[in-house]
Amino acid sequence: MTSKRPPIPSRRRRRFRRPPWRTLVAVVAALGGLAILAGGLVVGLAVAVASQQVHDVSRLYAPPSQATRVYAASGELIASLFRENRQIVPVTEIPPVMRQAVLAIEDERFFTHKGVDPRGILRALWRNVREGELVEGGSTITQQLARNLFLSQERTVSRKLAEIFLAIEIERRLTKEEILERYLNQVYFGQGAYGVEMAARVYFGKRVKDVTLPEAALLAGLVRAPSIYSPYRNLALARQQQHRVLARMAANGFISTEEAAAARAAPIRLAPATNAGLAGIRAPYFVSYILPKLLETYGEEMVYKGGLRVYTTLDPAMQAAAERAVVAGINSARARRLNVTQAALVALDPATGEIRAMIGGVDFATSQFNRAWQARRQPGSAFKVFVYTAAIAAGVPPTRILDDSPVTFRIPGAPDWSPKNYDGKFSGPVTVRRAIERSINVPAARMVAELGPAKVVETARAMGIESPMEPHLSLALGAVDVTPLEMAAAYATLANGGLRVEPYAIVRVTDARGRVLEERRPRRQVGLPGEVAYVMTDILKGVIAHGTGTAARIGKPAAGKTGTTDDYRNAWFIGYTPHLAAAVWVGNDDNTPMNRVVGGTVPAEIWGAFMRVATANHPADDWSPADGVVVTTVCAGSWQLATRDCPEPRREVFTRASAPTQYDLTPRLDPGGGMPPIPLAVVNPADGAIIAPPFVIAGSTAPGAMVTITITGEHTGGTTRVGEVAMQTDAAGRFAYEFRPAVRMPGTRYAITVVAVGLNGGRASRAIVVLDGPPAEPAGR
């Protein structure tokens, strides 16, 4: 009987079992790798030296040599556009969990090898063969640093040998802590973020020193393939890689198995997806405006790696002034609980179209949406400029009397429309000039109906509005969506005497060797007749001097217009001097209403604060009358040419086509003729009253009489004329004016003088004094 051999214990079976073919391949590959490594160190040295690939490690601090540089008009560098956007942090500010996570997955023997890790290479080969996929790389952190800084990403033997020698050289010159610090600040994490600090900000919206263990593990897992493991692209795959990192950390004793389990179960709260490419740039909103144009023209490879030199129109001092004005204005509005969270400002040279400043929001780090050119909002009464410019071009004089009384327009196929004024009141007969200065809605609607909406659209187009516009009567109230950049450019046509300029931001682009790739010159075309632009500018000067825009006074000639939508969702001020045009918008991104914010308050305040600084070095030039402008004196009331007997002469400007040709020949007695005075009563406010602005000055006199109201403020700082208005009474002889000081100073003594001149030349005057009393909410429109 043949005895049977006793069974071999299971452990012995495993020990002597024929290795699977994959294991054999791995062993052979490993032995071959060691042989190559042994001989390659010597060969690599020769190759590296021969090809001059041994670089000075001081280049660790050098910026990318082929970054695109963006320069301001002054020559100052305002941005570098490159793929490797980073913020350097010392290794002491990188928490241990972040360092340990990277070491665990990338180079667990970092502190024991000398730049090259043969054991790590063998281990990586074994794991990759066992898993059937690339789960671990063979390069040490030092090798990766050498490759990232000095070599290309091509996979060749010569490049690998040079990488090994450079790693040894780096290890010889730098300490382990220095190498780790440079690596953690250089490595790419995706989403435009280079280095752990920028990665933490992009993915989690926090500093790297504040990242938690689960967050550190997720970031470390991105290093091998940022685009594949991006949590924005595939969160499940990113979590799977995070779990691998946590397992390696536990295996290396960096954390306990319990800590690893807790970290795997912890939720990941990502910051909103963004790109780090524009963070930290001076004037980021301006750069974000030119970047799409550069990418469209030259492509990403050239923009981010081609070493372009981009010379722009930006004025750094104006940009800084704009940023300060916007931030201060919004902070002030928040302090007043006005529910204003966002703003935009854009300024350009009206003679050339060069954009000098652009602020697209309160904080670029919080929101990269550029409201200066990407947001389209209704301009409200700021659109009336196009209505009345069309009227002046059609021969309507500033003295034309318009009817501010209730009206209903019947529109075929649409509901009837009855426009209302901001204050819900009606003023009766008003001149064009006064209707603009007080931003009265009903006369503007009547004017659109008279001209035809298509004419208004045509004029807006000629001045620079490019957004879609429908020819409706509601254009009178700004029922069209436009951008601040459009509005600034359109108003610049008036500032430039009727010449329309195309706004631009890039003057010249050269390649890395200085060859000019593109060069821009101002592009001008006639938008309006010069005399029309001058007359409109003269009227808009009154808006700032004593109209709805007094908060925008800057101490030198300036013109502008307020704008407010009926629901307080948008408020604007657009204005200009002969040398600079600027538009300001305020509102909320979610389109919620503000707390009664109008164009004459927050936007005018921001505009004034910016322009006072931006134009400080500009001469106090005024506009010179263009050919075809008639500057003359007319008699208030009849608005004909004044004679020496006119009781109320007024300076007025006209186009030649609209200028009066007849004299006011109303019979009047000479001063000694005893013309009886006309009746005049001021019913509000009472003489000696203590009252808080705004307040209404109202009374009655002869029907059709011209009433001039002058307000002088007396305070500790002196006496100043703070308001002067003129108006024509209605058929019952009534007049009313709401006084809103640009800056309220409690304790001010207001001296109010009312002078009335009747159609027959009779005169009357009254004087009262009131005292500014208790506080009131800010006013203006």
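Two strands count as paired if DSSP finds at least two bridges between them. Helices (H or I, at least four residues) and strands (E, at least two) are DSSP runs, numbered from the N terminus. The model described here is predicted: local features need pLDDT of at least 70, side-chain atom pairs count only at pLDDT 80 or more, and totals for chains, interfaces and linings use all residues. Residues are numbered from 1 along each chain as its sequence is written, and side-chain values use heavy atoms, with hydrogens and water left out.

**The sheet**

- Strand S1 (residues 68-71) runs parallel to strand S6 (residues 309-312), and three bridges join them.
- Within S6, Val310 is the bridge partner of Val70.
- S1 and S6 belong to an open sheet of five strands with mixed pairing, in the order S2-S1-S6-S12-S13.
- At the edges are strand S2 (77-81) and strand S13 (516-519), each of which pairs on one side only.
- From one strand to the next, the twist averages 15°.

**The helix across the sheet**

- Helix H12 (residues 284-305) lies across S1, S2, S6, strand S12 (506-510) and S13, and runs at about 40° to S2.
- Such angles run from 0 to 180 degrees between N-to-C directions, and the axes are lines fitted to C-alpha atoms, for helices over the stretch in contact (heavy atoms within 4.5 Å).

**The disulfide**

- One disulfide is counted, defined as a pair of cysteine sulfur atoms within 2.5 Å.
- Cys635 and Cys646 form this link, with their sulfur atoms 2.1 Å apart.
- The pair links distant parts of the chain, 11 residues apart: Cys635 is in strand S18 (residues 629-635), and Cys646 is in the loop between S18 and strand S19 (649-655).
- The link of Cys635 and Cys646 is right-handed, with 100° about the S-S bond.
- Cys635 and Cys646 are both buried (under 20% relative accessible area, with a 1.4 Å probe and protein chains only; exposed is over 50%, and partly exposed lies in between).
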